[in-house]
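Opening my notebook on this one. I want to look at one residue's surroundings first, and then at how the chains meet.

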Amino acid sequence: MISSALPTTNSLLLPFILLAPLVAMLMIIFLPKDESKTIKIVAAIGTLISLVLSLYAFFAYDRVLGGMQFTLTIPWIPDLGVNLAFGVDGISLPMLLLTNIIGFSSIYASWNMEKRVKEFFALLLILITGVMGTFIARDLFIFFLFYEIVVIPIYIMVIIWGSTKRVSKEYAGMKLTIYLLIGSAFLLVGMIALYLAAAKNGQPTFMFDQLAQRQDLYSPAFQKVAFGLMLFGFGSLISMFPFHSWSPDGYAGAPTAVSMIHAGVLKKIGGYGLIRLGIFVLPLGARYWAPIIAFLAICNVLYAAFIALAQKDLKYVVGYSSVSHMGYVLIALAALNPTAMTGAIAMMFAHGVMSALIFSMIGFIYEKTHTRNIPDLGGLAHQMPRLAIGLMLAGMASLGLPSTINFISEFTIFMGTIHVYPVLAMLGIFGIIFTAVYILRMIANVLFGPRRPEWDHLVDIRGPELVPLVICVFVIFITGIFPNILLGMINSGVYSSGLAKVLETVSQVKMGGLF
Amino acid sequence: MNLSNLSVGLSTYLLVGAMLFSIGLYGVFAKRNIIAILMSIELMLNAVNINFVAFNRFVWNQKSGTNYILTGHVAALFVIVVAAAEVAVGLALVITIYRNRQSTNVDEFNWLKW
Amino acid sequence: MFKEMHDLFRWAWLIPALPFLSFLLIAFVTKRSKGLSSTVSILAILASLGLAIAIAIGIIQSGAEIVEHAAIVNVNWLNIGGLKIDFGTVVDPLSGMMLFVVSLVASMVQIYSLGYMHGDKGWSRYYCYQSLFAASMLGMVLATNLLQLFIFWELVGLCSYLLIGFWYFKVSAREAAKKAFMTTRVGDFGLLLGMLFLYTKFGTLDFATLAAILNTNIQNVAVIGTASYVTVMAFLVFMGPVGKSGQFPLHVWLPDAMEGPTPVSALIHAATMVVAGVYLVARMYFLFVHASPSALQFVADIGAFTAIFAASIAIAQDDIKRILAYSTLSQLGYMMFALGVGSYSGSMFHLMTHAFFKALMFLGAGSVIHALHEKQNIWDMGGLWKKMPITGWTFFIGVMAISGVPPFAGFFSKDEILATALQNGHPVVYAVGLFTAFLTAFYMSRLFFVAFCGPEKPENHPHESPWSMTIPLIILAFFSVVGGWAALPDHNFAFFLHYLPLGQEYEREAINWGLAGISVIAGLLGIGLAYIIYLKKAIAAESIVARFPRVYKVLQNKYYVDEFYLWIINNIMGGVAKVLYWFDIYVIDGIINGIAFITRGSAKTLRRTSTGQLQTYAMVFFFAVVIIFMVFAFGEGQLTSLNPLATLGGVK
């Protein structure tokens, strides 16, 4: 299994990225709990190391060579075929980078946290580590392990640091957790079924690439059932209609950092999993479910956009908007072609950065004004111009303004889907109008308008609070203006990982009329 | 009438064991006094002991010529020892419960209720 | 000659890059220093203007060569499987003309703003937005493909949004900005769709390549329904210009956009951004030509309708900026129907002259508003000519130009459009255009007579504006006079800027003085009527209003289109949103909560089974063991079928 006895520096890169926040977490545990400043700095350093290393990985990755790089494989439970296998390719590397960008910003977004600081940052770092682990895992078992690690801190954080608005924070936390756990239960069944089916030739394995190679072991009927299970599991994670209702309530209840990570990256595990596990391993199943996914995706887009129009709470607007945007990712997955796939991954990245930015801005608004009710706010651009810039740029990215990465990924998605599902895609594109309506309405009512004296005491965001704004805006625009940085990477991932070939095969199956 | 047919066979022992066990079971289910329940449990354990010893005696094939083995007897001895220990613990519990509740009636002991 | 010029054209990217640089500089460095911000911005736009003039001269010197072979530079921007987009610059007479007009008006407006925005708190922000706008607009003009154009198209939309809402503390400005963005978004939806279909069909969005493909295999186009693919795409693409250039159903945002500072209205909502739609149609003219004739007919109808529709509203408006706004709409309709009837060069000619005189008039209006301390109702003005001679004279030139009085610029362009409409067999459009010309002359001179002539109002103390404001007025007035002379002697403008179907030769055409006379008479009639009513007061305006109260009311309320849209947004969209939200909370969440409730309820019932009685537990345990034993003993082979994995086909 291991060709070289000693792991090279490159192969240790990913474990380092993974361990940096974990080490920071351990340090925090041994710090006295009233040293809140030190705790925050340690957390920031831990995530910064991860961020820098993953940036290095992003640019050191050889796009021409392609495939999995920085790999590390250690047999863990050989009898079951479980390997401690890490590695990244053009699909997972953007996700890894995204996790670290958001993780680092989320630390700064919660810089003013005063309640149980030690526990908060320890849990936050576990959360970040867990999310990162799912993206760099090359083994289904490890993937699932990290995914389960993620759920627990979220529950605790929502319950303790959350806020009660339309629904109580306990309800929100419960709903969030139970949804994710039910989804993962279905996922577990599908995973075990897949494992057993793949083990039929006597060599059990959990490795993604080997699972994908054993196509002949999965009958079409099996693929349909197994993909259905995964669709339910990952679908509820990516808030596919009608399994979306955890998302607005959960975000509204969660503290800022959790909303950022949850909307920013955790949700994307659903899309990532559907690609890595669903489409890669079970292409025929994906083909069977694709029209249904596409239909539900358009429900996501339009239905959630309409509901966002009727919201009064800032976080609910963004919560429903994120449900709406995930519809674009889902329809791109359903289109089953390389262009749309590239767009889907780019969209996950784009939406991640955008929603992290918007949630951190809303977090600051809430922290300072203690309200998120839109009619109570207004004219905040007078008192907090920098925050206004952040919220407005995030809103512009959200409605897909060109020169943001969100536009180019939406455009790529539309390009990939329009010839597969012309009518559904047109309905989806129609959604951009509604997106513009609710985003502009929100921006106008919160930021602009006459000066309100009751907010005159507010202080604009400054110092560490600016970090999320600067980082996210920079990423949104630099990748938007030079899209080859990101989309070139994803494109190399889609082609070199063999996904494009799988998709081609599937599209030929369609012509053969297997179903 | 062949006398060997009248001789006491394995089934007789098993029958006694089963009867003893049933009586014990009935006691466990039906008795209200916790001491009586403990005693019924002892009955069941002893029923098992009888089975052990009986099986040990009859399953050993005399014609095989091998040495007589004592596995069943040892098991029975084990049970007796464990039962003694169990009674000690059980009675200790009963005494503490009695001190708390002034009662040995199991119907009143429903703290495990939902 | 062309070779050396080509080297010059390669540097065209600098024209948008300089203002963009100034945008970055102002945003990140000089925003605290007001003087520095405006200096940087104006220097950048002046440099761009210089380059644009150089390129314009280069184009004129290259002559016929550049007309046939545009100078194109492309750099790859996005390259993924199934999507390859370049960024580049195209220099041809069309973009050259636009570059000159845009950078000229933009620099005039920025200089003018030195006076107009004096003392405003958001000074640096203002110049920051202005620079971004200039960069985006110039970038859009230079775009070599539809996606690049669309990107800058949206960016100018963003700048328009930001500048309309510049005084964000005004609720009206905030709402107007929002409205502008949303309305143009509706049009962009169609444009985006058109772009996607074009790429799917032809595999490129490059203008030159698309034109070549359409010119060669026009027979290949598939048919959707009764309309050909190309026609459908032409209609979709046209939706974008309808939104951006304020054509009929989506015109509502433009009058409201006057909430922004007046120089912004002059630059964005009169001279440059709103003509982006016209520019796009001109760039994509090959698409419309190859589509079925209904496409161009549609463009002509929409344009003509908008022209007369907006002109009729302008008659009944009292706000000086709103009158100008409706006049802009009307003139945009003019350009649009000019393209529809095939007067490609006429449309572009009118675009240019209109940019000069409309920017002039807006800046003049700004000068008046500045002098009267934010008074915008024309009935509060009067006799301003004497107090503000430069503003008065330049405004007069603007009115003459828009009314089509020779030798001012508007005469030449308007006349050419009307003549082509008649010659190409569109008599109805010609009649509408002629009547609109009459209406235009009427309401513009109404504005002029009421505001500038007549008795002075004692409560006003107007004074001439500072030099920073009057010099741009004079420069623009100069172009409003001589701009039209490009059509002389035998139409040099059209020689450079024309659309030719493949394989035909361009023929120069002289002005048709007969038709020109008719339109001049129409214009003069309009001015005369306004003179009689508003200056001589021979006919009382009130009595006309009293005779047709309903008509006046409908006109003053802009045909109630805004109210209709508002009703749709509030009742239909809002209603659907509320219903769906209700559905989400009570049905989807209801199901979820229902499941939770059932779980909890059944748990409440089932927990009664745990009595806490040891003996019950023992009994259940015992009988369960007995049953399992029975199953094992007598039901051999039954258990494997209970194995869920077996049904999945996992183990055998």
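This is a predicted model: local features need pLDDT of at least 70, side-chain atom pairs count only at pLDDT 80 or more; totals for chains, interfaces and linings use all residues.

Entry 1. Where does A:Ala335 sit? I found A:Ala335 in helix α12 of chain A, which covers residues 314–335.

Entry 2. Next I looked up what A:Ala335 touches, leaving out residues up to four places away in sequence. My list reads A:Ala340, A:Gly416, A:Thr417, A:Val420 and A:Tyr421. I also checked A:Leu503, which is 168 residues away from A:Ala335 along the chain. Their C-alpha atoms are separated by 9.7 Å.

Entry 3. On to the chains. Which chains have the most contacts between them? Two pairs of chains touch, and chains A and C have the most contacts.

Entry 4. I then went through the A and C pairing. I have 53 residues of chain A in contact with 43 residues of chain C. On the chain C side, at least two residues each come from β1 (71–80), α7 (146–164), α8 (171–202) and α27 (561–606). α8(C) gives the largest share, with 13 residues. By type, I noted 28 nonpolar, eight polar and seven charged residues on the side of chain C that touches chain A.

Note on methods
Residues are numbered from 1 along each chain as its sequence is written. Chains are lettered from A and ligands numbered from 1 in the order in which they are written. Two residues are in contact if their C-beta atoms, placed from the backbone, lie within 7 Å. Helices (H or I, at least four residues) and strands (E, at least two) are DSSP runs, numbered from the N terminus. Ala, Val, Leu, Ile, Met, Phe, Trp, Tyr, Cys and Pro count as nonpolar, Asp, Glu, Lys and Arg as charged, and the others, Gly among them, as polar.
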